[in-house]
Amino acid sequence: MDRAQKEKLVDELGQIFESSGVVVVAHYEGLTVAEMQDLRARARGAEASVRVAKNRLAKIALEDKPCASIGEYLTGMTVLTFSEDPVAAAKVAEDFAKENSKFEILGGAMGENALDRAGVTAVSKMPSREELIASIVGCIGAPASNIAGAIGAPASNIASILSTIEERGEAA
């Protein structure tokens with residue numbers, strides 16, 4: 001890799017560190033190509049990404065970034081899992097780590113907040129952006145459906161009463 005390629009890679013990593021809601025650092029030594037492809041596919045499905053980068057270049061890219069604290073985790077064979085959603089990458093990494101003992105989560109960062117192993121686990125248990133939006137929409141929609149039900153109920157009650165009266169009139 002020549003100097004221009006290294007500079008380009010450092011710039012790309014810098015953008016990742018600046019724009020990601022969460023970055024998870026893990027060791028992946030011993031994973032097969034198929035297992036790494038599985039991790040990448042899971043990440044894509046969750047709108048997250050996986051990136052293997054040279055630790056030295058990643059440390060250069062971390063300089064003056066909000067998540068510079070993850071530099072201490074960049075030793076050995078490391079892989080970065082990241083996403084704009086502050087929860088998606090952590091969920092993908094945690095789920096993958098449960099199934100693959102060779103994938104060892106070291107820690108990460110959520111904005112300026114450094115995350116240790118337990119912190120990544122805690123973040124992964126938080127609801128995702130989509131789940132939060134769905135619950136908010138549900139809360140907003142519930143009163144509207146209750147109002148619609150209350151408005152429609154008297155009409156259905158009147159129809160029910162009229163049909164009962166009609167049935168009694170035919171029986172008599």
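How many salt bridges does a search of the whole structure find? The search finds 6 in this predicted model.

**View 1. Glu 12 and Arg 51 join in a salt bridge.** The N to O distance between the two side chains is 3.2 Å. Glu 12 belongs to helix α1, residues 3–19, and Arg 51 to strand β2, residues 49–52, so the pair ties together parts 39 residues apart in sequence. Both partners are partly exposed. Relative accessible area is 31% for Glu 12 and 23% for Arg 51.

**View 2. Lys 65 and Glu 18 form a salt bridge.** Here N to O is 3.5 Å. Lys 65 sits in the loop between α3 (55–62) and β3 (78–83), while Glu 18 is in helix α1, so this pair links parts that are 47 residues apart in sequence. Is Lys 65 buried or exposed? Lys 65 counts as buried, because its relative accessibility is 18% and the cut-off for buried is under 20%. Glu 18 is partly exposed, at 49%.

**View 3. Arg 42 meets Glu 99 in a salt bridge.** The N to O distance is 2.4 Å. Arg 42 lies in helix α2 (residues 33–45) and Glu 99 in helix α4 (residues 88–99), so the bridge ties together parts 57 residues apart in sequence. Arg 42 counts as partly exposed, with 26% relative accessibility. Glu 99 is exposed, at 53%. Which residues do salt bridges with shared partners join into one network? They are Asp 38, Arg 42 and Glu 99.

**View 4. Helix α2 has its buried residues on one face.** The helix has 13 residues. From first C-alpha to last it reaches 18 Å, close to the 18 Å expected at 1.5 Å a residue. Met 36, Leu 39 and Ala 43 are buried in α2. Down the helix axis, the buried residues fall within an arc of 55°, so they line one face.

**View 5. The surroundings of α2: what do its buried residues pack against?** They pack against β2, β3 and α4. The face turned away from the buried side carries exposed residues: Ala 34, Gln 37, Arg 44 and Gly 45. After α2 comes Glu 47, with a positive phi near 60°.

How values were computed. Residues are numbered from 1 along each chain as its sequence is written. This is a predicted model: local features need pLDDT of at least 70, side-chain atom pairs count only at pLDDT 80 or more; totals for chains, interfaces and linings use all residues. Side-chain values use heavy atoms; hydrogens and water are left out. A salt bridge is a side-chain nitrogen of Lys or Arg within 4 Å of a carboxyl oxygen of Asp or Glu. Helices (H or I, at least four residues) and strands (E, at least two) are DSSP runs, numbered from the N terminus. Buried means under 20% relative accessible area, exposed over 50%, partly exposed in between (1.4 Å probe, protein chains only). The expected span of a helix is 1.5 Å times one less than its number of residues. The arc is that of the directions from the helix axis to the C-beta atoms. Contact means heavy atoms within 4.5 Å.
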